[in-house]
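This report covers the fold, the surface and the salt bridges of one protein model. The sequence and structure come before the discussion.

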Amino acid sequence: SEIYIVDVSQPASPQILGDIRISGGVERIVFDGPFVYLAARNAGLISLDITSPAAPFIRGEESNGARPRDVAIRNGIAVTTGGPTDGSDLGVVLDVTQPDPQTVGTLSLPQQQLVTGNGVAIVDDVAYLLYDLSGSTTMIAFKYPGANGLASRRPSPTKSMASRGPE
């Protein structure tokens, strides 16, 4: 995939300022200050530094075997949908305070089930993940560890919020 940094200050004549090629198909882009986080389906979570738009560079990456489709960032924490290629993990929690994102926890299903993650959002200290689970759309909420004490805490599910079968 190729990521372009584009100046749209004059909408009638956008200008490409810089670009960078990365491995893996990008599913989602999230901005956090001068950094861009990419949920790259075949490469994991990639952190780009765009401080200099003409020369963006890969700040760090964490593949941990995950195939994320979405990512949300809050207070130095990233939550992605999807885990290893076997599809058994619902979400991965990463510390993104350092250049290379570090996995600090995963939210797994009690039994091995194949899931497809479709979206994630973080509100306060709860991450909401939207999944297709055995033909039903399910929203799962879990508390994630805050930036303080990150390494010693793991995510814990709070409850399944809603479920709807195929229409």
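In what order do the elements of the protein run from the N terminus on?

## Model and fold

The order is β-β-β-β-β-β-β-β-β-β-β-β-β-β. The secondary structure comes to 14 strands and zero helices, where helices (H or I, at least four residues) and strands (E, at least two) are DSSP runs numbered from the N terminus.

The model is predicted: local features need pLDDT of at least 70, side-chain atom pairs count only at pLDDT 80 or more, and totals for chains, interfaces and linings use all residues. Residues are numbered from 1 along each chain as its sequence is written, and side-chain values use heavy atoms, with hydrogens and water left out.

## Burial and contacts

The protein has 167 residues, of which 44% count as buried; buried means under 20% relative accessible area, exposed over 50%, and partly exposed in between (1.4 Å probe, protein chains only). Contacts are heavy atoms within 4.5 Å. Of those between residues at least 6 apart in sequence, 38% join residues at least 24 apart.

## Salt bridges

There are two salt bridges in the structure, each defined as a side-chain nitrogen of Lys or Arg within 4 Å of a carboxyl oxygen of Asp or Glu. One joins Glu-2 and Arg-21, at 2.9 Å from N to O. Glu-2 belongs to strand S1 (residues 2-7) and Arg-21 to strand S2 (residues 15-21), so this pair ties together parts 19 residues apart in sequence. Glu-2 is partly exposed at 29%, while Arg-21 is exposed at 61%.

In the other, the closest N and O atoms of Arg-28 and Asp-70 are 2.8 Å apart. Arg-28 sits in strand S3 (residues 26-32) and Asp-70 in the loop between strand S6 (57-62) and strand S7 (71-74), 42 residues apart. Asp-70 is buried, with a relative accessible area of 7%; Arg-28 is partly exposed at 38%.
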